Amino acid sequence: MYGERKYEAQERYDDWNTVQVKLKLNRKTDKDILEWIDRHRYSRDSSIQGAIKALIREDIAKEQEQE
């Protein structure tokens with residue numbers, strides 16, 4: 001079956017090349033973050049993942065400037 005082999009190859013690739021990060025957010029205390037995520041979820045400009053990566057890279061750049 002082609003489909004099964006395709007998914008096996010994808011799983012193998014993911015195991016070697018990707019890392020997943022999970023956040024557990026509280027609807028009450030993290031409401032501001034969840035609202036930010038909702039705004040980006042329906043944006044055509046960027047994905048949530050892309051927006052979060054941009055924020056992290058911006059922070060990395062600031063840290064490197066301070067060194």
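Here is a short chat about reading a few features of this predicted model.

Visitor: What should I know before I start?

Guide: This is a predicted model, so local features need pLDDT of at least 70 and side-chain atom pairs count only at pLDDT 80 or more, while totals for chains, interfaces and linings use all residues. Residues are numbered from 1 along each chain as its sequence is written, and side-chain values use heavy atoms, with hydrogens and water left out.

Visitor: How many helices and strands does the protein have?

Guide: Helices (H or I, at least four residues) and strands (E, at least two) are DSSP runs, numbered from the N terminus. Here you get three helices and zero strands, in the pattern α-α-α along the sequence.

Visitor: Why is the protein called more spread out than a compact globule?

Guide: The radius of gyration is taken over C-alpha atoms, and the globule rule is 2.2 Å times the number of residues to the power 0.38. For 67 residues that rule gives 11 Å, but the protein has 17 Å, well over it, so it counts as more spread out. Its C-alpha atoms fill a box of roughly 50 × 35 × 25 Å along the principal axes.

Visitor: What share of the residues is buried?

Guide: Buried means under 20% relative accessible area, exposed over 50%, and partly exposed in between (1.4 Å probe, protein chains only). In this protein, 6% of the 67 residues are buried.

Visitor: Is E11 buried or exposed?

Guide: E11 is exposed, at a relative accessible area of 53%. You'll find E11 in helix 1, which covers residues 2-17.
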